Amino acid sequence: FFFFFSSRRRHTRCREVSWARRCVQETGINAEYMGISIMITKVMSRQGALNACRFFSAEQKPLKTPLYDLHVKYGGQIVPFAGYLLSVQYKNGGILKEHHYTRNACSLFDVSHMGNIRIYGEKRYDFLERMAVADVRELKKGTAILSVLMNKDGGVVDDTIITNMGDYISMIVNGACKNKDWAYFLKVQEEEFARSAVNGQLKLEYVKSNGLIAIQGPRAAEVLEHVLGIGDSLNLKKMGFLNATNHVIKAIDAECMISRCGYTGEDGFEIAVPENKAVALAELFLNEKCGGKEAVTRMAGLGCRDTLRLECGMCLYGHELNETISPIEAQLSWLFGKRRKAEGGFFGYEKIKHQLANGTSMKRCGFITQGMAAREQTEIIDLNGEPAGKVSSGSYSPCLKKPIGMAYVKVPLNKIGTKLQAVVKGKPQPIVISKLPFVKTNYYRAQAQSSFTLHQRILYNPNTVSYTHLRAHETSLHLVCRLLLEKKKKK
């Protein structure tokens, strides 16, 4: 590999296999290239070298997702990302248009580069809770939870969505980390659960045969309902955020795993579909008009996916999370269930327990820039010019129409309203620590009460009933008026 990543042009040769191994593990580059001598430009940090590894890997040919031909058909700007060829944006859209369209209607994202790991057997809970901080045992069938996989030093190996599918546990992991995660799972199995694997009490499966399609936006449920068809048994109104089920989509004659989740802050679904049916399903979404004159769903790329998640304050592995950052520093203490905080049992517990009790010196926070966008690794200083932290992610917010970002900042400078400076192109510019998320999330909450209960609220306490309640329960205007008139007569 030849990496040119600095204007200094001072090169150093790295022949240590152990260092190369770490680069391979952290970037997802195939292990077959690990022994090659690496010529790297001298950079200011090891993270910079890893970024170079992510950017330049000409020796490894990117793979194609099942939707690659669809990206080309719709004019996608194709780039290598996480070992795959994916689209940053589309010719009839662009990042800003795709961003706003997702917030207001429905967009389709190809996330087939993500990894899917399944865990079977009666020891699956013991195995997973050794690495993940979630209370997996209490996870009900058909529900999911966001969690992180821990290393022994209290850092984050990866972030993941864990779903209890009844007979097995399904995990979605980051595309750039999936090879590393799989190797990590096998290592833990060999070191601590070898007997369980031999006895059939634990089985790991790396799923390679599925594509993964995400439809995101306030009209995503409407689109999916029309694709499923009239009379379909899946009731989306009772399917809340982070719920999942295996369901046959009749239009493509295939069983898919449908999860109500996403990475945009909007309502939406991720559908794991057999590879040979992925294009057909995507085309159904993209052609669905929902009773109107034009198709509701449009293609969206990696560019707006990043700005959408940043506006909602969501972490991106390699930026806000890595193997040296703890969940407590990342302001993710809410990931730990009460039992897990008390009992531990996961790697790095002693460090987490100490940080929960005593705090940390650095914490993740949001900020708004009063100038140019401050990008990743931009230095942050206080008003006296003293180092205060570094930017982890930064971009322009299409909704707020101003630059925003997230950073790791020294405590107590991470407090909301604190004025600091970001050194952009050698010039300090003002930033203000801001509350996360920058833009309110719009996750769907399933019906938690019967229509009868809602009707009683209309009669006796109408001020507590919002339009959202009425729409969610499909309460007709006629019924509302009748109930209110009845109340007036009683008075």
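Q: What's a cavity here, and what makes a residue part of the lining?
A: On a 1 Å grid over the protein atoms alone, a cavity is a set of points where a 1.4 Å probe fits but cannot get out, and lining residues have an atom within 4 Å of a point.

Q: And what sort of model is it?
A: A predicted model, where local features need pLDDT of at least 70 and side-chain atom pairs count only at pLDDT 80 or more, while totals for chains, interfaces and linings use all residues. Residues are numbered from 1 along each chain as its sequence is written, and side-chain values use heavy atoms, with hydrogens and water left out.

Q: Which residues line the largest cavity?
A: I161, T163, I172, L212, M257, S259, C261, E270 and A272. Two or more of the lining residues come from each of β10 (156–164), β15 (254–259) and β16 (268–274); strands are DSSP runs of E with at least two residues, and helices runs of H or I with at least four, numbered from the N terminus.

Q: How does that lining split by residue class?
A: Six nonpolar, two polar and one charged. Ala, Val, Leu, Ile, Met, Phe, Trp, Tyr, Cys and Pro count as nonpolar, Asp, Glu, Lys and Arg as charged, and the others, Gly among them, as polar.

Q: Is β15 mostly covered or exposed?
A: Covered: five of its six residues are buried, that is, under 20% relative accessible area with a 1.4 Å probe and protein chains only.

Q: Which strands does β15 pair with?
A: One is β14 (residues 244–249), antiparallel over six bridges; pairing takes at least two DSSP bridges. Another is β16, also antiparallel, joined to β15 by three bridges.

Q: Which element gives the largest share?
A: β6, with three residues. The elements giving two or more are β6 (84–90), β7 (106–110) and α10 (302–311).

Q: And the residue classes there?
A: Six nonpolar, three polar and two charged.

Technical notes. 1 Å grid on protein atoms, 1.4 Å probe; cavity = no way out; pocket = protein on both sides within 12 Å on 5 of 7 lines; lining within 4 Å. Buried < 20%, exposed > 50% of the residue type's maximum accessible area, 1.4 Å probe, protein only.
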